[in-house]
Amino acid sequence: MWNIILRKDYGDVVIQSFKTRRQAEEELKNRELLTQHLGARSDKIYSIKRGGVVKGNGRTTRNL
């Protein structure tokens, strides 16, 4: 699994998980475009990290 990670002061938060790196990169690109549109630097906010399945209801959960 490949996770989209949101960097926060209190720790990294898994936003969404994908089966392939390619899918994660496509989603990251979409998020970067949105973030740039809002005037922020996306390279400081999001990253991709390989990891296991994230437990939870599919919404934003902390990677424990």
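Predicted model: local features only at pLDDT ≥ 70, side-chain atom pairs only at ≥ 80, totals over all residues.
Arg21 has 40% relative accessibility, so the residue counts as partly exposed. Glu25 is also partly exposed, because its relative accessibility is 36%.

A second pair joins Arg22 to Glu26. Here the N to O distance is 3.7 Å. Arg22 and Glu26 lie in helix 1 too, again four residues apart and about one turn of the helix. Arg22 counts as exposed, because its relative accessibility reaches 63% and the threshold is over 50%. Glu26, at 47%, counts as partly exposed. A further salt bridge links Glu27 to Arg31, with the closest N and O atoms 3.1 Å apart. Glu27 and Arg31 are four residues apart in helix 1, so about one helical turn separates them. The total for the protein is four salt bridges.

## Overall layout

What order do the elements follow along the sequence? The pattern is β-β-α-β-β. That amounts to one helix and four strands. The protein has 64 residues, and 28% of them are buried.

The exposed surface comes to about 5,000 Å². Carbon and sulfur atoms supply 47% of that area. Contacts across the sequence can also be sorted by separation. Among contacts with a separation of 6 or more, 51% are between residues 24 or more positions apart.

## Strand 1 and its partners

Strand 1 pairs with strand 2 in the antiparallel sense. Seven bridges connect strand 1 and strand 2. A hairpin of two residues leads from strand 1 to strand 2. Ile5 has Val14 of strand 2 as its bridge partner. Arg7 stands opposite Asp12, also in strand 2.

Strand 1 also pairs with strand 3, which covers residues 46–50. Strand 1 and strand 3 run antiparallel and are joined by five bridges. On this side, Trp2 stands opposite Arg50 of strand 3. Strand 1 is mostly covered, with five of its seven residues buried.

## The nonpolar core

Which residues make up the largest nonpolar core? There are nine: Trp2, Ile4, Leu6, Val13, Ile15, Phe18, Ala24, Leu28 and Tyr46. Three elements each supply at least two residues of this core: strand 1 (2–8), strand 2 (11–18) and helix 1 (21–37).

What does the side chain of Asn3 contact? The Asn3 side chain makes a polar contact with the side chain of Ser17, at 2.5 Å.

## Thr35 in helix 1

Thr35 is another residue of helix 1. Thr35 has a relative accessible area of 8%, so the residue is buried.

How far is Thr35 from Ile45 in sequence and in space? The two are ten residues apart in sequence. In space, 8.8 Å separates Thr35 from Ile45, C-alpha to C-alpha.

Key
Residues numbered from 1 in each chain as written. Heavy atoms only, no water. Core = buried A, V, L, I, M, F, W, Y, C linked by side-chain atoms within 4.5 Å. Buried < 20%, exposed > 50% of the residue type's maximum accessible area, 1.4 Å probe, protein only. Pairing = 2+ DSSP bridges. Polar contact = N/O pair within 3.5 Å; in protein donor to acceptor, adjacent residues only side chain to side chain. Salt bridge = Lys/Arg side-chain N within 4 Å of Asp/Glu carboxyl O. Contact = heavy atoms within 4.5 Å. Areas by Shrake-Rupley, 256 points an atom, 1.4 Å probe, with all protein chains shown as cover.
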